[in-house]
Amino acid sequence: MAQETENESKLRWYQGVPRYAWIVLMVAALGWLFDAMDQNLFNLVRQQSVMEVLKHSGLAGDILEKTAKSWGGLLTAIFLLGWATGGFIFGILGDRLGRTRTMMITILIYACFTGLNGLVTEIHWYAVCRFLTALGVGGEFAAGASLVAEVWPNRSRPMALGALQALSAIGNMGAAVITLALSSMGWQVVYFVGASPALVVLWIRASVKEPERWKEAKASSTQEELGKISDLLRVPELRRNTISGVLMALAGVGGLWGVAFFLPDLVGSTLKPIITKSNVILALPESAREGAIKKTLTEYRSIVFFVQNIGAFVGMFAYAALSEWKGRRPALVLFFVLAYLSVQATFWGIHDLNSAILLALLLGFCALAPFSAYAVYFPELYPTRLRATGVGFCYNCARILAALAPFALGQLSNHFASATDSTHGLRVAATVVSSIYVVGFLGVWLAPETQGKPLPE
């Protein structure tokens with residue numbers, strides 16, 4: 001056994017891994033990839049869709065624009081609350097029903113309600129659909145991450161989980177490609193395409209079984225002990241891990257959903273005056289200009305968001321690799337600092353398309369890298385009978401608290417709005433809201449180092 005361990009230590013993380021482990025990673029990654037895609041279809045059509053839905057209420061002009069900003073932030077906050085609710089419910093079910101069955105249920109929920117988003121014509125029904133979509137989105141991650149963590153070998157687990165999280169950036173890019181390709185067909189069609197991930201459930205049902213670790217935990221525990229959420233706060237060690245996990249997740253979720261994912265809105269507001277005055281637009285008949293401006297803005301937002309997620313893909317792998325080299329905690333501290341600085345650089349530095357593309361790459365790399373920590377680090381903080389529950393609890397307590405961040409951004413954007421600069425309010429608001437990264441440092445300080453240790457049984 002010592003010789004086997006020595007030989008294994010010489011292998012790269014992806015070498016000598018059983019074929020079934022790769023299947024599990026691919027299935028879980030697809031579930032999370034499409035999860036991320038459905039989340040970000042909204043981010044890319046938020047500005048356009050909210051304004052069009054509000055027009056049905058008779059709003060127009062400056063009142064429409066201000067109301068749309070407020071509702072954009074509120075809908076994002078509602079999504080985060082639904083995400084958290086789903087995470088709590090399905091985190092517990094992931095430990096009680098099993099990882100695989102929970103993944104299938106959550107994928108069906110988020111796929112179906114994403115499609116229904118395309119049918120809304122009233123803002124309150126839009127909010128209901130976003131909440132119900134979020135129930136499934138919030139529940140999928142804990143089950144998928146726990147499944148991969150329990151199937152992959154210890155030596156390969158961190159990079160496999162980093163890959164799981166990094167592939168969510170491909171889902172984000174997919175959202176950008178869909179929005180770009182369908183920009184001329186309307187935001188409703190974008191949502192209809194978002195229903196397609198439901199087909200993944202068929203593959204999961206045929207290919208993936210419950211992990212042996214979970215079966216053993218179920219056999220040795222009572223039904224009440226599996227997913228017993230009170231143990232997260234009753235047992236001292238788990239209580240410390242849970243508090244630290246919530247704080248670490250709050251920093252990343254608040255910074256991303258409260259600021260970084262409003263990049264398409266910033267790009268739209270910044271570039272609209274430039275596009276409106278361009279020779280290409282001015283050469284068109286006046287009746288065709290509004291449609292051409294809207295189409296061009298959709299294309300630019302999609303391009304910038306795509307580039308942002310190229311940075312995210314690299315950044316999430318970078319965290320996983322750095323955490324294996326220097327430790328989970330030092331790597332996370334570094335990326336919280338970089339995330340804060342990248343927000344300032346991006347929200348104050350974008351003035352044209354070229355600067356938007358360059359800074360989007362930087363923002364994606366820095367602001368999404370901490371999410372790799374939530375995949376790599378959080379499963380290592382909990383025993384098998386509480387793993388999905390613990391991961392879901394940390395992530396989703398953070399989502400509830402972070403739901404204030406996008407709402408605050410929308411309100412502060414209006415408060416600091418300038419009559420001469422339509423982006424000034426958003427830039428100032430981003431600076432204020434991004435201070436949420438400070439709480440991440442406290443979480444890291446409380447957390448234990450788990451580098452090189454096996455999963456708790």
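**Aromatic pairs in a predicted model**

Let me start with F335, which counts as buried at 3% relative accessibility, where buried means under 20% relative accessible area, exposed over 50% and partly exposed in between, with a 1.4 Å probe and protein chains only. This is a predicted model, in which local features need pLDDT of at least 70, side-chain atom pairs count only at pLDDT 80 or more, and totals for chains, interfaces and linings use all residues. Residues are numbered from 1 along each chain as its sequence is written, and side-chain values use heavy atoms, with hydrogens and water left out.

The partner of F335 is F365, and because the ring centres lie 5.8 Å apart with the planes at 55°, the pair is tilted; rings of Phe, Tyr and Trp (its six-membered ring) pair if their centres lie within 6.5 Å, and planes under 30 degrees apart count as stacked, over 60 as edge-to-face and the rest as tilted. F365, at 25% relative accessibility, counts as partly exposed.

Across the whole structure, a search finds 22 aromatic pairs. One of them joins Y126 and Y191 in an edge-to-face arrangement, at 6.3 Å centre to centre and 85° between the planes. Y126 is buried, with a relative accessible area of 0%, and Y191 is likewise buried, with a relative accessible area of 0%. Elsewhere, F79, W83, W257, F261 and F305 are linked into a cluster by ring pairs.

Finally, charges over rings, meaning that NZ of Lys or CZ of Arg is within 6 Å of the ring centre and within 35 degrees of the ring normal. R46 lies over the face of F262, 4.1 Å from the ring centre, and K326 lies over the face of W325, at 4.5 Å.
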